[in-house]
Every structure is written in C-alpha cells, then in structure tokens.
Amino acid sequence: CSDTTTATSTSNWPGTASTQVVVLPIIDSVSPRPPYLPLAVPQDLAPRIARLHGDPIVWWVGQFLKYLLRPQPNTADLLHTAAERFSFQRPIVGIHIRRTDKVGTEAAFHSVEEYMDAVEEYYKQLSLSQSVDVKRIYLASDDPKVFAEIKKKYPDYEVLGDPSVAKSAAVATRYSDSSFNGIVMDIHFLSLCDYLVCTFSSQVCRVAYEIMQNLYPDASDRFRSLDDIYYFGGQALHRRVAVLPHKSQGPEQMDLQVGEMVGVAGNHWNGYSKGRNLRTNQVGLYPSFKVEEVVEAVEFPTYPQVPIEAPSGT
C-alpha cells in the first residue's frame, strides 16, 4: 500500500484498479464472490495435492494458517512453558468439548462418553501396531466441569490440559487477554495431537485440524467429528460426484446416477449422508460410499512479477 490519504485510496470490496485499501466484509457477505474462495484450490497445484492428500482444501487452508499464525517471541515462550508444564508427549488424543452458548443454538449436546468412546477406539487400533503404555488425552473445553468428570469416569487415562483456560472461556470472560492466550494454547496443543475428537461445528477444532495438516504428509483422516463434516465458514457449495448408482429405498432417500453432482448438506455418520441432487433438485439421504469429493480446481492469480526469492544483497 503506497497511499491511504486520498478519498479514492480506500473502498469496499471489490474496489478498483487504483484502490490501495480494500475493506472486506465477513466471508458470508462478500459480493461479488471471487471464484477462489474455499473450497477452491489452485488449478496448477490441484493434481499434485490430490495425489498426496485426502482433502486438498484442508491442506490449502493449512498453508495460510501456517504463515498467518507464526508465533511471536512472547507467544512462543508461553507455548514452550506450557508444553513443559504438561509434559506433553505422544501418543495423545486431543479432545475439544464445546458447551456453554453453543449447545442448543448451533450444536447439540454430546456427553463425555461419546467423545471417550472415539478415543478408546483410536487407542485400540493403535495397540494393534505398537505398545501403548499410557493412554493420554489433551482436553480443551469452555466448561471446566468436564475435566473432573472425565478424570472420575476414566481413571486409566492421563488427562492434560488447563481447567483455568476452560473457566476463562466462559461467555462473560472469553474476550479477556487471558482467555485469548488460553485459546491460542488449546488450539496449538490440539493441533499437535495424533488424533482429534471434537465437533466440527466448533471453529476451534476446525482450526486445530487445519494446522495439523502441516505436521503430517496427510492428516485428513486424523479426526472424529461427532456432528458436522469439515467446512470453511462462508464456503462455496460443497460438491460430490456419484461414482455408483443408487435407487431410493424409502421417502427419506434420493436417487443417484453415475456422474450426477450432489450438494452436500452433512454426514449422518451411519453410512448415509444428506444432500441435494443438483440435476433433479431432489433432497434426501444417500450411501456415503457411492460418491467422491470434487476437487474445485480454480485458476488463481499467480503474480509473476513477484520474485520467488529475495533479490541478492537484501
């Protein structure tokens, strides 16, 4: 930005060729909507990402977060001190339990048993390939009572996490500096876990999952969501393509022909997903295994005038 002093230097999205500062609304309100909003990935990278990663858009979003969330020295010290205090080590499963204002408005209530069933399943699978001496979880929540509940009901687990962070995440105090540091710490340690159990209706867990993609060649399957599938708030239509035909078995289901596109509404986690057939406009359930993800490959700006490496002598 070279000039912010004139009346024409600042304007609302999308601005003009001479605009120096563009004011962006929240993603849901962006209009006109550019083609490269999520779930789009760069066309020149899409084939390579799809070969290596199970969910290319999560990998792509993770690259932005890796750059944007580089910790400043004070934050790095905070995270290092917390890691030593927790004796953070693997194997470990991250659990994020969102309660308070979320339950009943944006998400349903899920008991600690539902979370821990998924954790136990992970450790049973892990024990088939390696010895598991200690079963650990990193617990993050906005409800401090879940710490005592899990410790009482599951004494064979080592529980890491800070109940004071959960207390500061209450609605009345969540905008304080201490609460902000607490959520940064929770997201950081959740992303470092081997596996996540959470509700993807919560952005905290989705951010941790996105950051996790930078720590493994492919971490797309290192989660269990108790409600939503992964999504990016304000995203474009989530499409899947039918690879097997389906004939409706009841009024709650819909027909599919090979090659038809489905707009995904959600996964019922019982073998069926809900969506809309974009050809027939029929809404209903369909077997999840009969569709595949569509990689939304879009031609992104490449800015060839920007050097990839810094000029020598700088």
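Predicted model: local features only at pLDDT ≥ 70, side-chain atom pairs only at ≥ 80, totals over all residues.
1. Residue numbers run from 1 along each chain as its sequence is written, and side-chain values use heavy atoms, with hydrogens and water left out.

2. Two packed helices are described by the angle between their axes and the distance between the axes. Here α3 covers residues 73–86 and α7 covers residues 177–192; their axes come within 11 Å and cross at roughly 65 degrees. The axes are lines fitted to C-alpha atoms, for helices over the stretch in contact, and angles run from 0 to 180 degrees between N-to-C directions. Helices (H or I, at least four residues) and strands (E, at least two) are DSSP runs, numbered from the N terminus.

3. Which residues of α3 and α7 meet? From α3 come Thr75, Leu78, Leu79, Ala82, Ala83, Arg85 and Phe86, and from α7 come Asn181, Val184, Met185, His188 and Phe189; contact means heavy atoms within 4.5 Å. Sorted by class, the contact of α3 with α7 has eight nonpolar, three polar and one charged residues. The classes are: Ala, Val, Leu, Ile, Met, Phe, Trp, Tyr, Cys and Pro nonpolar; Asp, Glu, Lys and Arg charged; the others, Gly among them, polar.

4. Further along α7 you'll find serine 191. Serine 191 counts as buried because its relative accessibility is 2% (buried is under 20% relative accessible area, exposed over 50%, partly exposed in between, with a 1.4 Å probe and protein chains only). Leaving aside residues up to four places away in sequence, serine 191 touches Ala208, Ile211, Met212 and Leu215. Glycine 94 is 97 residues from serine 191 in sequence, yet their C-alpha atoms are 7.8 Å apart.

5. Now the aromatics: the structure holds 18 aromatic pairs. Rings of Phe, Tyr and Trp (its six-membered ring) pair if their centres lie within 6.5 Å; planes under 30 degrees apart count as stacked, over 60 as edge-to-face and the rest as tilted. Tryptophan 59 and tryptophan 60 make a stacked pair, 6.5 Å centre to centre with 25 degrees between the planes. Tryptophan 59 is partly exposed because its relative accessibility is 24%, whereas tryptophan 60, at 16%, counts as buried.

6. Why is the pair of phenylalanine 86 and tyrosine 138 edge-to-face? Because the ring planes stand at 70 degrees, with the centres 5.7 Å apart. The pair links distant parts of the chain, 52 residues apart: phenylalanine 86 is in helix α3 and tyrosine 138 in strand β5 (residues 135–141). Both residues are buried.

7. Arginine 70 sits over tyrosine 67, 3.9 Å from the ring centre, and arginine 206 sits over tyrosine 231, 3.9 Å from the ring centre. To count, NZ of Lys or CZ of Arg must be within 6 Å of the ring centre and within 35 degrees of the ring normal.

8. Some backbone spots to check by eye. Most residues other than glycine have a negative phi, and most peptide bonds are trans. Tryptophan 13 and proline 14 are joined by a cis peptide bond with omega about 10 degrees, and proline 14 lies in the loop between β1 (10–12) and β2 (21–23). The bond from serine 31 to proline 32 is also cis, with omega near 0 degrees; proline 32 lies in the loop between β2 and β3 (40–42). Serine 87 has a positive phi, near 55 degrees, and lies in the loop between α3 and β4 (93–97). Asparagine 281 has a positive phi near 70 degrees, in the loop between β11 (272–277) and β12 (283–287).

9. For the overall picture, the chain has eight helices and 14 strands. Of its 314 residues, 43% count as buried.
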